[in-house]
Amino acid sequence: MLKWAGRAAQAAIMILGLNLMAAAPARAADPDSTNGWNYGYDSLLRDLGEWRKSPHVRIDSVGATVKGRALWMVSITAVGDSVGRSGDLTPRKHRVFMHARTHPAEVQAQRVANEAIRFLLADNPQAEALRRDFIFNIIPMYNPDGVELGKPRQNAHDSDLERNWNYATMEPEPIALKKTFQSFMAGPIPIEVALNLHSDQFNCTRFFVFHFPAGTSQAYSDLEKSFIAGVQARFPGGIKDYTFNQTWPVQPGLQYPEGFWWSNYHENVMALTYEDTNCPNAGRFDSTATALVLGSVDYIKARMTAPVLARAKTETRVLLVPEGVRIAAGPEGGRWELVDSRGRRMAEGATGAQGALLAWNGLPNAPMRILSVAWPGGVRSRVVLPASAR
Ligand SMILES: [Zn+2]
């Protein structure tokens, strides 16, 4: 799916190989600290050399720039895990995509992307769980030519790569990114959240670019609000409300990546530009990165359980009562099972014609528990239970 993009990119791989042999220790001073806004292409190659030591990383070039530099994508997930065998609730992993540094002067955006990679590669139970359930694809430097040529916003053709998605002739960088998006969307694990990371030199704060319903849909703007609120909750006080910056008052901006996402995939993909601060108050890139990752994960999990929760509102045969879960009586009874968020069965039993009362303290705990009852005739009830026994 992601083939090396010809001779130019292969030359870049060679450069990467050489760079690895002379790899400096992690977080050494940037070798090219006098250019590239203190983080140039050599800095990226050095960091790729560190990241690729992890067994959870795969590094691909998704294409080549005008000048033949490889466009590196860092993919993070636990390999060989149970994709597709965990039942009907979470039959697969979920995919989050981020790309950063469309505008070379916005180095803060790349700092955030780099911190997201470090967070996801960490050796701890939280990162392990994220790698088990998700695939993260991150392009930390989308415009390396501009970075190396010292162009604040343009690529080697003096084109602003953020604004040419609807041009008849697109630049090689957005062509490569668009192909990458499309190939994932056509595959078994489509992108569900797509973040476009920038940094802003006028507002000097952190915010998302929210889209008015007039340019998208009411449903989409509601999803955007919940996404942004979710990220904010992961970094209290760090990121502005959705009202801070709003765009598309009449119609979508098709020149932007978000215009591509909206016009092709609508509510299926949460696609937003995030702006870090490009001012002396910049910093806390790790807090921001963590919030973006966990906010994306929270959003996807909420979308997964939303249909179950909606059904639970009209469900009258399974009731949550102070003593436990009461399953209604029926002429033939039914079979119940309790599954976790990945569809794994934790407990099961029969209700019998009298129904059943499952005591709270008799049910196994899990961060998310779904009680599913199969009734005669193929009808199923599903209810999300509180996380633990009372
Ligand atoms: Zn920008």
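Q: Which residue is the bridge partner of Val325 in strand 13?
A: That's Leu358. Strands here are DSSP runs of E at least two residues long, numbered from the N terminus, and helices are runs of H or I of at least four.

Q: And how do strand 10 and strand 13 pair?
A: They pair in the antiparallel sense over 4 bridges. Two strands count as paired if DSSP finds at least two bridges between them.

Q: What kind of model is this, and how are residues numbered?
A: It's a predicted model: local features need pLDDT of at least 70, side-chain atom pairs count only at pLDDT 80 or more, and totals for chains, interfaces and linings use all residues. Residues are numbered from 1 along each chain as its sequence is written.

Q: Back to strand 10: what does it form with strand 9?
A: A hairpin, with 2 residues between the strands. Strand 9 (residues 318-321) and strand 10 (residues 324-327) run antiparallel, joined by 4 bridges. Val318 has Ile327 in strand 10 as its bridge partner.

Q: OK, new topic. What's the strand order in the open sheet of 8 strands?
A: The order is 1-2-4-3-5-8-6-7, with mixed pairing. Strand 1 (57-64) and strand 7 (246-247) stand at the edges with a single partner strand each, so one side of each has no neighbour in the sheet.

Q: How many bridges join strand 2 to strand 4?
A: There are 3, and the two strands run antiparallel. Ser75 is bridged to Asn137 of strand 4.

Q: What about the largest nonpolar core, how many residues has it got?
A: It has 66, and Ile138 and Ala113 are among those with the most contacts inside it. Helix 3 (residues 107-121) gives the most to this core, with 7 residues. A nonpolar core is a set of buried Ala, Val, Leu, Ile, Met, Phe, Trp, Tyr and Cys residues joined through C-beta atoms within 7 Å. Buried means 20 or more other C-beta atoms within 10 Å of a residue's own, exposed means 12 or fewer, partly exposed is in between, and C-beta atoms are placed from the backbone.

Q: At what angle do helix 3 and helix 4 pack?
A: About 100°, with their axes 7 Å apart. Axes are lines fitted to C-alpha atoms, for helices over the stretch in contact, and angles run from 0 to 180 degrees between N-to-C directions. The two helices are therefore roughly perpendicular, a label for 65 to 115 degrees (under 35 is roughly parallel, over 145 roughly antiparallel, the rest oblique).
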